[in-house]
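Thanks for passing this one along. Here are some notes to read with the model open beside you.

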Amino acid sequence: MHASFRRALTAAALALSACSEPQARRPNVLLVSIDMLRPDHLSCYGYARPTSPNIDRLASEGVLYETHVSSTSWTLPAHAAMFTGLPDSIHGCTDSHLGLHPRFETLAERFGSAGYETIGIFAGPYLHPAFGIAQGFERYENCSSSASSATPGAAAEVAVHRESHADVTNPRSYKAFESWFSERSERPFFAFVHLWDVHYDFVPPPPYDRLFDPLYEGQRDGRGFVSDPSIAPTMPKRDLEHLLALYDGEIAWTDEFVGRMRTLLESAGVLDDTIVVITSDHGTEFFEHGQKGHRKTLYDEVTRIPLVVRFPRELPAGTRVARQTRMIDLAPTLLGLAQVPGASELPGASLVPLARDPQAPFPAIALSELDTRSHAMRTLRASGWKLFQNREKGNPCAVDLTHDPRERALVCDTSSPLLKQALLAAIEVDRALAPLALLHAGEAATATPPAEIGRELRDLGYTGGDDEPR
């Protein structure tokens, strides 16, 4: 059934039910995605530095999912999975020239059909409307740079992308949220806020630039993280430590605005009536496997992401869920908590039962994919093992996460019981996804931003001249 037709039927059904009997007000939803945020750099996840007091507070009042796994290691497909509840190979939005097809129904569309006011605020290149991510938002604001208020057109968008990595966007994003919040309607809202500043380059403003490394006297700053060849595994250890301190400074700077949003909700008396979600799209590598950045591999440093959900009406405060969970589980969780139709259509599972009972039955396998013109790989992750499959290189490998959580010793011997177990699980995952893959075969839209934006994305390190992701 076409997404727009489903939405029309849903809206009609809701209107009829509203006339027949009064309904309790549905909760608001605030979904905050902090780009390139690693959970192991948050104090609520055990990090030694106090990087995240406001996120920590939300976690203490809600549920923290300790092992949450992204669908991929870069922004565009991760947010498509976040919004649709579908794996990357199903939604098809897997490369820089592709966008989300209008036939897919996003969270914004589902909430909008249920009568919600929908607002999206973003500050990064791959959330541009040209990539289809804006589907269903009544209002969708670009806070990438000061050029966002310029006359629409290719030149303005090029300026946005050129400035985005060195830009400080948190104040602008918060101001957009605050402005909308002050004039919002009486309807419940679904608000998506994408915070960009944690993403490289690492240029936190004072005092966050020296907060975690005040005694550093070297010359290294956080600029040119991808493009500067001197930022390499062989760089001086002291300089790498300072780079990590700058990354942590960006996290603390961003956490301040999470606190401001919380205060805004609390002051308006709607905090406890709002499902507040803090998550990310992917992490980043700091040479754990010899690489820097993301969109190259699927190791845990790029695929494990934070997830904190606060909603005291339904979720027990101070709960930590150890079981592995998946990005595709977020959409059915939010729809279920808000009693909005659509959760049963999705392959993911609600995370609510785990919050109430850590032993509740739950899907065991998380699928992450990196499928572009230069990479065709995926991982399947369970609690004790992880399978690596690369279509170009052929031979699959596995790692024993129980004894090798840093993923150092890949097992590629096909006679290994570990690898056999993982490959059998992969067959079951493929079998389960086959009906969805058949239903949505070929449903990927061509993204058509101005040609200049493509060149700027290459200059910014997203794609190489040969289209190799970097």
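**Notes on aromatic pairs and a helix contact**

1. Counting rings whose centres lie within 6.5 Å, the count comes to 25 aromatic pairs. Please keep in mind that this is a predicted model.

2. One of these pairs joins Phe 83 and Phe 137 edge-to-face, with 6.0 Å centre to centre and 65° between the planes. Phe 83 sits in helix α3 (residues 75–84) and Phe 137 in the loop between β4 (117–122) and β5 (139–142), so the pair ties together parts 54 residues apart in sequence. Phe 83 and Phe 137 are each buried.

3. Another pair to look at is Tyr 174 with Phe 257, which is tilted: 6.2 Å centre to centre and 55° between the planes. Here too distant parts of the chain are linked, as Tyr 174 belongs to helix α7 and Phe 257 to helix α8, 83 residues apart. Both residues, Tyr 174 and Phe 257, are buried.

4. Now the two helices themselves. The axes of α7 (residues 170–182) and α8 (residues 237–267) come within 10 Å and cross at roughly 10°. Angles under 35 degrees count as roughly parallel, which makes α7 roughly parallel to α8. By class, their contact has 9 nonpolar, 2 polar and 2 charged residues. Among the residues that meet are Phe 177 and Phe 181 in α7, and Trp 253 and Leu 264 in α8.

5. What span does α8 reach from its first C-alpha to its last? With 31 residues, α8 covers 45 Å, close to the 45 Å expected at 1.5 Å a residue. Just after α8, Gly 269 takes a positive phi of about 75°.

6. Finally, a cluster for your next look: ring pairs link Phe 83, Phe 111, Tyr 116, Phe 122, Phe 137, Tyr 140, Phe 190 and Phe 192.

Terms used
Residues numbered from 1 in each chain as written. Predicted model: local features only at pLDDT ≥ 70, side-chain atom pairs only at ≥ 80, totals over all residues. Heavy atoms only, no water. Axes fitted to C-alpha atoms, helices over the stretch in contact; angles between N-to-C directions. Helix = DSSP H or I, 4+ residues; strand = E, 2+ residues; numbered from the N terminus. Parallel < 35°, antiparallel > 145°, perpendicular 65-115°, else oblique. Contact = heavy atoms within 4.5 Å. Nonpolar A, V, L, I, M, F, W, Y, C, P; charged D, E, K, R; others polar. Expected span 1.5 Å × (residues − 1). Phe/Tyr/Trp six-rings, centres within 6.5 Å; stacked < 30°, edge-to-face > 60°. Buried < 20%, exposed > 50% of the residue type's maximum accessible area, 1.4 Å probe, protein only.
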